Amino acid sequence: MQHTATTFDPIALSILWSRLISIVDEAGTTLQRTSFSTVTRESNDFAVVLMDKKGRSIAQSSVSVPSFLGVLPILTKALLKDYFPEETWKEGDVVMTNDPWLCAGHKPDIGIVSPIFYKKSLIGFIGTIAHSPDMGGQLWGAGTRDLYEEGLMVPPTKLMSEGVPNDTLFNILEQNVRAAEQTVGDIRAQVAANDQGIKSLMKLMEENELTDLQDLSDAVINASEKAMREALSAAPDGSYHYEYDTDGDGRGVGCHFEITITIKGDEIVADYTGTSGAHYMSINAVLNYAFAYTAYPIKCAFSPDVPNNDGSFYPITVTAPKGCLVNAQKPSPLGARNVTGNMLHSVVFGALAKAVPDQVQADCGSACWCIVLNGEHKGKEFVEYFFLNGGYGARPTMDGEHVLSFPTNVANVPIEVLETDVAVLVTEKSLLPNSAGSGRYRGGLGQRFSFKNIGEKPINVSMVAEKTVTASKGVLGGEDGQMGSVKIVPEREFPSKGLGKLHPGEELILTLPGGAGYGDPKKRDKILIEEDKLLGYIS
Amino acid sequence: MKLGIDIGGTFTDFVLFDNNSNQLYFAKTLTTYPDPTVGIFNGVKELEDKFGFPVKDMEGIVHGTTLVTNAVIERKGAKTAFITTKGFEDVLEIGREMRYDIYDIFLTMPKPLVPRNLRMGVSERVDIEGNVITPLDEGTLESLATTLKNSGIEAVGVCLLNSFANTSHEKALGEYLSENVPDMYYSLSSEIMPEIREYERSSATAMNAYVQPITDKYLKDFETQLRKQGFEGNINIMISSGKLTTIDGARKSPIHLLESGPAGGAMAGVFFGKHLQEENLLCFDMGGTTAKACVIYEGKPEITNHFEAGRVKRFKKGSGLPVRIPVIDLIEIGAGGGSIARVNNIGLLTVGPDSASSTPGPACYNLGGEDPTVTDADLVLGYLNADYFLGGEMKLSVQAARKAIETKLAKPMGISIEEAAMGVHRIVNENMANAARVHVLEKGMDPRHFNMIGFGGAGPVHSFGVAKLLNTKRLIIPVGAGVTSAIGFLVSPVASEKIHSHISELETLDWKEVNRFLSDMEDDGYEFLSQSGIAKKDATVQRVVEMRYYGQGHEITIDLPEGQLSEKDITEIQERFIKEYEFRYNRSIEGMRMEMVTWRVVVQGPIPEMNVEQFSTGVGGDESYKGTRKVYFEETGYIDCPVYNRYALKPDEKFDGPAIIEETESTTVIGINTTIQVDSDKNILIDLHQ
């Protein structure tokens, strides 16, 4: 990539750059505080991205989760190329789509893109992507058989044309999704967030007497690109291969990952050749999404401090054979693709440990477990999403934290909130001693979480659990973490992925995996071992 | 006569108001460690020696301190145990399972205040509606009490699941403990924070227990020593919401003291705003390591219930321990006089959030600091007077400041020292303005509709730059800019704040139940005020509910209609909610159900009158104009800028900027194209013509 030199000095650029980030954060604040979706507002499962008129990202909201890294610029570039060429955009237009191949890999993630006009010319775009409460189809989970069971798909369509809402589209949405007022409410919140961003940007343009965004866009993209390239240059050139297995359905049909990371000069290529084919369960990832979760650990390892934009990703290439688990094609089911995306950091760090051992962490007890409860409580239907996390992996200089979300970043639902919404009684939430992998530094502990159906009707449970038949992998001699389990009392078969029923009086007992260790356990400091014993982390 | 005493990290500030002469007096002493009461009584003596006011003549004393905040940050609280429902002992450690930094794989989470081996479970369970599912197993309490005694525990926090819905098990535990382990302090979650969300409630309860023994001892000493000196008046303590509590109230719920100092600053903003007929103000307070901003809207400070203490990373939201108490909604930014400037790995100039603090301090202190800081930049630009820093007590080295800026900033960027210094000044202003702008927008307000009031040691130096960035029309630099929090203490009302969780959709509310608990909370409030000698007829009551659209997670606060509530009020409440929602978010959702979550009743005494006619300030002199010095402004470069002595400014004096106005604790910097007006109280009013 070649960019022209810019007219901004280091001070002006520093100031304008922080203003751009502030603008997307202001928009993110608007979205988060007005959305209904639990994952959007509690778990930051959204992103706001400001782009130039070529669709290159200039600034991204700072708290967004990794799943949306790089997605909006890819979407916007595709919109410009295949759907709405540059000259067709009008002020007040808004385009919506949830096409998983254009957006973030499953239908609940809705992308909303608005053009930005300044003094009547198109200067850029602002986009938001957020997890909607529902898109119709089956109850969300890993159990869908194909894409069509996963609800409504909206190809890139004008949600507003020059400020006039597309009533037909709103109507179709309202007729196809559960809790329509919430889903449509969230879409409106996304539009409002875009509008807020545009408003703030106008002020920045006026105050700084800018005529367009191109010079500024070049300058920040250049700087981020340069930082990433410099960090990559410092790493030893070479090809690093790693293999890794995960549960799949947990009943014999697993997933196999292979990665070859090649660092050459200031470029990095991650290739997934050898990875297993698309799975029959809905845990397949599209390439956009696999890119996001591959670029994320690379960013953490090499350039964690520099703000994200298109430039951060220019030196990164991700390839995968068409039709495999991380480059799924139609009509592979995608609903719970997060469980696959959430494992890619393990694969990437596993390979990078051979190149830059001081810049990676051991495997976490992720993926985050997602549980959806659906049934009737006090005469009303409920759909409650909640999340549980395993232990964090050990680091080169310190232990892993107990029960902490990674690589996604989702909060748990408070027990008392869960009991308000659903007819369950939580019977335990505790750290799970001895669940972490030992090492010079040990992983973080997993947890035990159990609850009972105290209602009169069965509760449908959509489980997306992971690492119940595979373990988090230790690094450089560190030990693996303990596997998780899904049990029901009275005892019977209960799927770790897919749909099950929890009958009145039955109790579901979930144990979440611990994080893996880093380095030789024999080298662990005795004082740390004593402390772990005193606190009951190990026995 | 009333006295405000504010203990900060470095200084203890005193403000005395004499209501006979309507005059304010200021004093400042060094904060003393480990016993801060030494510093207090040094100051008390100074007030008597200098102005002739002995403490025994005071009618009231209002006090605020950083004691509680520091105990949490430095982990210097008591050895504390924690009792909860069996099976949930780790809730306090697990927290919300979320990281506060997405890209830092080396992050650490805050350690719980009570370690795992001191957290104990009791067999009991109450459901979400308050029904007892498992009765409290009283048979195990004896061994529990023995364990507590034998482990040398000083305080215990008790938080049982769903205890906001049924307090009986927690109360029974509390009674058992007070009878059987009488020397131990205990905090019950149903008294500290009776709100849904077990982790946040546990966290607040554990923290309250953790700081209770030291706060209790400190306040006892403080009171005893005051009484010894013949003081017979009321003692009130400043709490985080900008209200005052009693000594007893503070001893019971010390976590409410977490933000007492900053809350005082905001209340001073309210006071000056009222005085100057400014209803909507942005308060801007900048010190050595941090800047704080808060919004005063229609004469009232904005209050939030989201607060964190003891952050692992000071300016990172989510890296601390949550405490859901009412606090004045302040944002804290890593921008102060000591903030370090550097050229980062991509060649850009950045400032903060880390600070050179007081040792080694900025390079210009000449105490070994080599990193260029905001103070160094301000000195190079001519904003600070090297010979008149802290009134001349500290000599600054321009040469050292220039050298640090030259080596670390100017040379690497290939620009002049002045340009680099101006860059530091601008960037730190920009950081503060950005944070303030997001903060105001989060509230659905427009920053341009606010005038600004600036104080703190570095506030008057930077307020002008920040005000320009925020398109502020008028900037106020009040008198006593170095002791503002203590001024705020004297103009804050005594109040009781009660909370109650009762979650229900608006349409199906049990109004009888609502009226019952609202009136109980109100009665508790009157009872509390009577302890400070405030009669029911002088009290005002504010009843609010936090509500949301059904399914949302953020609540907004709505004033409840007056009197007994019933179905007839539903429409009014809906309208108020929609109005507030539209104000905050510019939209509302038609036909959406609404849900009530937390109910709050504030019973408040009158706001103390303080008709200040005169401020006793530093050494005056006849002539305010001190001459000129070279000062660098962005638009002009170095110019000969007029310098004034604030103490000699005449009421109603008026002149044009640029100007530098010096006083002991700070310097007011005013750029070009401005008009400066001194009011009758020597507040400086700056018109920015924008």
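User: Before we count anything, what counts as a helix or a strand here?
Analyst: Helices (H or I, at least four residues) and strands (E, at least two) are DSSP runs, numbered from the N terminus. This is a predicted model.

User: Good. How many helices and strands in chain A?
Analyst: Chain A has 12 helices and 19 strands.

User: And how does its radius of gyration sit against the globule rule?
Analyst: The radius of gyration of chain A is 23 Å. The globule rule gives 24 Å for 539 residues, which is close, so chain A is as compact as a globular protein of that length.

User: What share of chain A is buried?
Analyst: 61% of its 539 residues count as buried. On contacts: take pairs in chain A at least 6 apart in sequence, and 77% of them join residues at least 24 apart.

User: Which domains does chain A have?
Analyst: The domain assignment gives domain 1 (10–220) and domain 2 (361–539) in chain A. Their C-alpha centres lie 33 Å apart.

User: How many residues does each domain put into the contact?
Analyst: Domain 1 of chain A gives 14 residues and domain 2 of chain A gives 15 residues.

User: Switching to sheets. What is the strand order in the open sheet of 4 strands in chain A?
Analyst: The order is β8-β9-β10-β11 in chain A, with mixed pairing.

User: Why do β8 and β11 each have one side without a neighbour?
Analyst: β8 (238–246) and β11 (316–319) of chain A stand at the edges of the sheet. Each has a single partner strand, so one side of each is left without a neighbour in the sheet.

User: How many degrees are neighbouring strands turned against each other?
Analyst: 15 degrees on average in this sheet, direction ignored.

User: Zoom in on β9 and β10 of chain A. Parallel or antiparallel?
Analyst: Antiparallel. 5 bridges join β9 (residues 255–264) to β10 (residues 267–271) in chain A. Thr262(A), for one, has Val269(A) in β10(A) as its bridge partner.

User: Which strands does helix α7 of chain A lie across?
Analyst: Helix α7 (residues 287–302) of chain A lies across β10 and β11 of chain A. The helix runs at about 140 degrees to β11(A).

User: Now chain B. How many helices and strands?
Analyst: Chain B comes to 16 helices and 36 strands.

User: What is its radius of gyration, and what would a compact globule have?
Analyst: Chain B has 26 Å. A compact globule with 690 residues would have a radius of gyration near 26 Å, so the two agree. The C-alpha atoms of chain B fill a box of roughly 80 × 60 × 60 Å along the principal axes.

User: What percentage of chain B counts as buried?
Analyst: 52% of its 690 residues. Among chain B contacts between residues at least 6 apart in sequence, 67% join residues at least 24 apart.

Notes:
Residues are numbered from 1 along each chain as its sequence is written. Chains are lettered from A and ligands numbered from 1 in the order in which they are written. This is a predicted model: local features need pLDDT of at least 70, side-chain atom pairs count only at pLDDT 80 or more; totals for chains, interfaces and linings use all residues. Domain bounds come from an automatic or database domain assignment. Two residues are in contact if their C-beta atoms, placed from the backbone, lie within 7 Å. The radius of gyration is taken over C-alpha atoms; the globule rule is 2.2 Å times the number of residues to the power 0.38. A residue is buried if 20 or more other C-beta atoms lie within 10 Å of its own, exposed if 12 or fewer, and partly exposed in between; C-beta atoms are placed from the backbone. Two strands pair if DSSP finds at least two bridges between them. Axes are lines fitted to C-alpha atoms, for helices over the stretch in contact, and angles run from 0 to 180 degrees between N-to-C directions.
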